[in-house]
Amino acid sequence: MATLPVFRWRLAPDGYATRRQLRARGLRPGGQDVAAQLERPRRRGPLVAYLYRVDQAKPVRPMTPARWAALAKANAARRTCPQCRRDAGYVIPAALGTCVPCAYPGPHGSEGNV
C-alpha cells in the first residue's frame, strides 16, 4: 500500500480539499480514494484531516422529492416520543429515550406544569 502525502496544517497545496471544503463548493469526493492528509500537531497525537483532489470531485447530487420526503419522515420519527406518541417539537434526547415530560413526570401528570 502506498503511503499518503502528509502536509502540515494550513499548508496543503492548491487542488486538495477536505469533505467540508468540497461540500462548500457544491462538490463531493465521488468515490475517489483519499489523496493526502493534513496533520495538526498536539500533545495527545496529531489531528488528522483527509484531503481529496478537487479536479476528480463530482457535483453533489440534487435532492429529489422522494429524498425530501424520506428525510422529513426520519426527522419526524426522531421527534416522536415512543412512550406517549406525541411530537415533542424537538429531537428526543438519546440519553432519556422519551420526551422530557415522560422522563420526568411532575406532580401534575405527564403534562407537567401547564
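**View 1. Four strands of the predicted model form an open sheet in the order 1-4-5-2.** The pairing within this sheet is mixed. Strand 1 and strand 2 (16-17) are the edge strands, each pairing on one side only.

**View 2. Strand 2 runs antiparallel to strand 5 (residues 47-53).** Two bridges join strand 2 to strand 5. Within this pairing, alanine 17 stands opposite tyrosine 52 of strand 5.

**View 3. A nonpolar patch on the surface is formed by Leu4, Val48 and Tyr50.** Together, the three residues contribute about 250 Å² of accessible area. Leucine 4 belongs to the segment before strand 1 (6-8). Leucine 4 counts as partly exposed because its relative accessibility is 31%, which falls between the limits of 20% for buried and 50% for exposed.

**View 4. Arginine 10 adopts a positive phi of about 70 degrees, although it is not a glycine.** Most residues other than glycine have a negative phi. Arginine 10 is located in the loop between strand 1 and strand 2. With a relative accessibility of 78%, arginine 10 counts as exposed, since the cut-off for that class is over 50%.

**View 5. Arginine 85, a residue other than glycine, has a positive phi near 60 degrees.** The loop between helix 2 (65-79) and helix 3 (100-103) contains arginine 85. Arginine 85 counts as exposed because its relative accessibility is 62%.

Conventions:
Residues numbered from 1 in each chain as written. Predicted model: local features only at pLDDT ≥ 70, side-chain atom pairs only at ≥ 80, totals over all residues. Heavy atoms only, no water. Patch = residues over 30% accessible without salt bridge, like charges linked within 9 Å, V, L, I, M, F, W, Y side chains within 5 Å. Areas by Shrake-Rupley, 256 points an atom, 1.4 Å probe, with all protein chains shown as cover. Salt bridge = Lys/Arg side-chain N within 4 Å of Asp/Glu carboxyl O. Buried < 20%, exposed > 50% of the residue type's maximum accessible area, 1.4 Å probe, protein only. Pairing = 2+ DSSP bridges.
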